[in-house]
Amino acid sequence: PRRITATGTSRRRIESPRTTPEKRLGSTRSYVRRGRTQAEICLQEHGIEVESPIKTMADFERFVPPDPLLPERYLGIEKMLDEFAGDKAVIVHLNDVFSLPRYLMGMQDLLMAIAMDPELVKALVELSVDINLILAKEVAARGVKIIYTGDDIAYNKGLLMSPKHFRELLYPGFQRAMSGFKELGLYVIK
């Protein structure tokens with residue numbers, strides 16, 4: 001069984017003309033103290049898949065995701081909550097229905113599966129919602145009040161799939177995720 005692994009950049013500093021040490025992300029102590037630029041933060045958080053572990057339903061059935069209940073997963077959030085309690089909001093990025101399936105299949109294969117293998121897509125969406133609801137429960141229990149989801153399912157001209165496919169394959173999971181987040185008392189930014 002495979003586990004999800006992040007494929008991103010190394011931890012070396014990434015500088016660009018717009019992201020110099022003098023123009024780091026915001027003025028919060030957490031980012032400045034770590035000495036990380038906005039580009040570095042984004043590239044580490046959002047790796048790019050080189051090879052995706054799921055191509056078929058058989059791959060999905062063998063797949064074992066990482067344990068969302070590992071306490072180590074929440075150490076950074078706990079530290080930020082301790083540091084900024086009562087002073088600043090700690091907002092956690094979770095996903096809803098599209099990013100995790102895209103990471104596990106790759107964009108091209110996921111878009112093809114939406115048209116050709118809807119049962120696989122439904123299974124991936126359910127997995128994504130299940131994992132993110134567990135993560136949401138854990139961060140809410142630690143004191144997080146706000147989450148945001150950034151799953152990109154559209155571009156400036158419309159959805160990346162037909163509205164029919166969205167309604168059938170993604171929307172039920174999206175409703176379940178948003179309802180679950182709200183039931184936990186979380187404010188959700190989409």
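Modeller: Rings of Phe, Tyr and Trp (its six-membered ring) pair if their centres lie within 6.5 Å; planes under 30 degrees apart count as stacked, over 60 as edge-to-face and the rest as tilted. This is a predicted model, where local features need pLDDT of at least 70, side-chain atom pairs count only at pLDDT 80 or more, and totals for chains, interfaces and linings use all residues. Residues are numbered from 1 along each chain as its sequence is written, and side-chain values use heavy atoms, with hydrogens and water left out.

Colleague: OK, how many aromatic pairs does that rule give?

Modeller: Two aromatic pairs. Phe166 and Tyr171 make a tilted one, with 5.8 Å centre to centre and 50° between the planes. Tyr171 and Phe174 make a stacked one, at 6.4 Å and 25°.

Colleague: So which residues end up in a cluster?

Modeller: Phe166, Tyr171 and Phe174, linked by ring pairs.

Colleague: Is Phe166 buried or exposed?

Modeller: Phe166 is buried, because its relative accessibility is 14% (buried means under 20% relative accessible area, exposed over 50%, partly exposed in between, with a 1.4 Å probe and protein chains only). Tyr171 has 34%, so Tyr171 counts as partly exposed.

Colleague: Switching topic: which residues are buried in helix H4?

Modeller: In H4, residues 75-84, those are Ile77, Met80, Leu81 and Phe84. They sit on the same side of H4 because they cover an arc of only 100° around the axis. That arc is taken from the directions from the helix axis to the C-beta atoms. Helices (H or I, at least four residues) and strands (E, at least two) are DSSP runs, numbered from the N terminus.

Colleague: And what's on the face turned away from the buried side?

Modeller: The exposed residues Leu75 and Asp82.
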